[in-house]
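I opened the notebook to look up how two chains meet and how a ligand is held. The entries follow in the order in which I checked them.

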Amino acid sequence: MLSIENLHVTVAEKAIIRGLTLNLPAGEVHAIMGPNGAGKSTLSYTLAGRDGYEVTEGSATLDGKDLLSLNASERAAAGVFLSFQYPLEIPGVPALTFVRAALNAQRKSKGEPEINAPDFLKRAREVAGSLKMDFEMLRRGLNVGFSGGEKKRMEIFQMAMLQPRLAILDETDSGLDIDALKIVAEGVNALRGPDRSMLVITHYQRLLDYIRPDRVHVLAGGRIVASGGPELALELEREGYDRYSKAAA
Amino acid sequence: MSLTAAIRSRDVSALPSRRDEGWRWSELASVVRSAPPLAGTITVAPGGGPFAEVKADEERVFANGQGDASPLVVEAGRTVKLRFVTRADAAASLSAVSILVKAGGSLTLLESYEGEGEAYVADAALDIRLEDGARMERIVVAEDAETAVSVSTAQVTLAPGADYAQAVFATGARRQRIETRIQHPGAGAALRMDGVYLVGQRRHADLTTAVVHAGVDGTTSQMIKGVAAGHGRGVFQGLIRVEHGADRTDARMRHDALLLSDTAEVDAKPELEIFADDVSCAHGNTVGALDDAALFYARQRGLPLHEARVLLTEAFVGAVVERIAHPGAREVVAALVPRRLEGLTC
Ligand SMILES: Nc1ncnc2c1ncn2[C@@H]1O[C@H](COP(=O)(O)OP(=O)(O)OP(=O)(O)O)[C@@H](O)[C@H]1O
Ligand SMILES: [Mg+2]
């Protein structure tokens with residue numbers, strides 16, 4: 001599924017990712033934890049194809065396909081979805097309009113016909129209902145004036161609508177209240193399946209109580225410095241990153 | 001000197017040049033070097049133009065400058081189409097009309113500039129008066145040929161309690177200028193003065209407005225959005241003058257423009273001249289590129305770059321479209337904007 005080999009990424013002439021290797025098999029959920037500034041969001045943006053994130057060495061493939069040679073839109077169409085740590089506000093574009101345009105663009109790139117309006121609305125209602133979102137929110141400018149937690153929920157709404165092959169969730173739990181965390185986690189769990197893999201970036205073990213990862217990785221100093229089972233998250237919660245930061249330095 | 005006066009007198013030497021302050025970005029002297037002949041007679045079938053689908057009580061057509069030039073007087077509620085149609089090459093189309101909305105009357109004016117041909121020169125002069133408590137919404141769609149010179153000037157005079165709103169959609173020409181000068185008495189009169197220019201290729205669009213608040217308790221709200229691509233050039237000149245004693249005036253002006261290419265240009269001169277003490281006035285002016293972060297966000301969801309740009313640009317312009325009160329006209333403009341943007345954002 002996702003295979004990252006010896007990845008090096010430079011942002012604004014600063015080396016941030018420095019030799020990162022990670023394998024995420026199909027159907028698995030891996031958590032990435034690590035101190036602030038370790039490069040977690042940088043990794044997400046790099047995989048999603050944001051301009052300014054320059055890969056100087058290494059490779060990243062999705063199902064054997066070279067991700068790095070695709071532009072951001074093509075990667076999305078290939079099934080890469082990033083739930084942003086800080087989702088953008090897009091005034092004047094209702095969430096429904098936005099998601100429908102995105103869905104149709106992805107279908108078009110695969111040679112599929114556009115989704116018809118009633119089917120789309122029906123699905124949107126179902127998904128919004130399962131995430132306990134007020135449907136009217138989807139008619140307002142995307143994320144405009146939404147609270148931090150509402151924005152995160154909107155990201156998961158989009159993920160559920162777009163059904164990606166690879167979902168990268170960058171701190172989707174931050175900003176969510178206790179109830180919202182459960183609802184969002186259920187939404188994410190509902191999307192788990194043999195054809196979908198997820199990278200869940202988080203600072204808190206709590207999220208991993210709801211979304212049980214197959215593996216947990218520690219990202220420090222721009223590389224994966226430790227990997228283990230779900231128990232690794234508990235250990236980190238107890239002991240912090242001290243020993244890994246030293247290992248990374 | 002107006003274009004019409006210059007062409008009628010066959011003396012273009014006094015046309016505005018770069019040295020005329022109000023015309024320095026849109027001078028006419030270099031683009032109208034000699035007086036063109038008047039354009040010949042054409043027949044224009046009724047029911048066309050950008051507002052074809054909108055129901056109206058009356059349609060007035062100026063075809064190559066010829067049409068019913070009697071004053072348009074509105075006493076009750078009316079929707080009127082005013083079409084300035086030019087089909088000419090290297091010839092002039094000169095039109096003038098006056099409009100009077102009587103006390104208690106209400107007019108929706110669907111005004112269109114429909115130009116086809118090469119290097120024509122079009123000039124339209126409107127004199128608009130609103131009596132006490134009269135209402136008017138003017139929606140202007142200006143679509144001229146790329147090689148044309150097209151100027152429209154409206155002189156608007158409001159009486160106390162009048163409510164006047166306009167929204168102009170301009171797509172440029174070799175020179176295209178839509179100018180509105182408003183005499184605002186205050187006294188509870190309300191003014192909305194919006195506009196959009198969308199210019200690509202080598203097109204040039206100029207939205208110029210001047211409002212004079214002469215008395216107390218008047219409001220003005222202005223939202224102009226511009227998009228310039230290719231070698232397009234957008235000009236906004238907005239003046240709001242609040243005369244001595246015009247207290248409790250509330251005036252807001254915003255001009256925001258997007259540059260979609262390195263070779264596009266936007267020139268803006270927003271001005272507030274305030275001579276009264278107790279007023280609430282604000283203006284804002286920005287010129288910039290599309291937000292990279294928003295573009296990436298849209299692309300991350302799968303929109304190709306071109307589509308993402310169209311979507312964001314349409315949303316940017318949409319804020320003006322939403323302010324159109326007449327539902328039919330709003331729909332027409334909402335449909336027109338993406339068609340024009342499609343060509344601009346390639
Ligand atoms: N555009 C940029 N210009 C300069 N430095 C940058 C830029 N983007 C990121 N960085 C730097 O790269 C490093 C990694 O940032 P990144 O956002 O990937 O960290 P993170 O692991 O996601 O942290 P957090 O847990 O706080 O979200 C930081 O030191 C940050 O300052
Ligand atoms: Mg981060």
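I count as a salt bridge a side-chain nitrogen of Lys or Arg within 4 Å of a carboxyl oxygen of Asp or Glu. This is a predicted model, in which local features need pLDDT of at least 70, side-chain atom pairs count only at pLDDT 80 or more, and totals for chains, interfaces and linings use all residues. Residues are numbered from 1 along each chain as its sequence is written, chains are lettered from A and ligands numbered from 1 in the order in which they are written, and side-chain values use heavy atoms, with hydrogens and water left out.

Entry on the interface. By that rule I found 1 salt bridge across the interface of chain A and chain B, and B:R301 forms it with A:E155, the closest N and O atoms being 2.7 Å apart. Taking contact as heavy atoms within 4.5 Å, I noted 28 residues of chain A touching 17 residues of chain B.

Entry on ligand 1. I looked up its surroundings, where a residue is near if one of its heavy atoms lies within 4 Å, and found 15 residues, the closest being A:G37, A:K40, A:S41, A:T42 and A:H203. A backbone N or O atom of A:S41 lies 2.8 Å from an oxygen atom of ligand 1, and for a polar side-chain atom of A:T42 I noted 2.5 Å to an oxygen atom of the ligand. In the side chain of A:Q85, an N or O atom is 3.1 Å from an oxygen atom of ligand 1.

Key
Polar contact = N/O pair within 3.5 Å; in protein donor to acceptor, adjacent residues only side chain to side chain.
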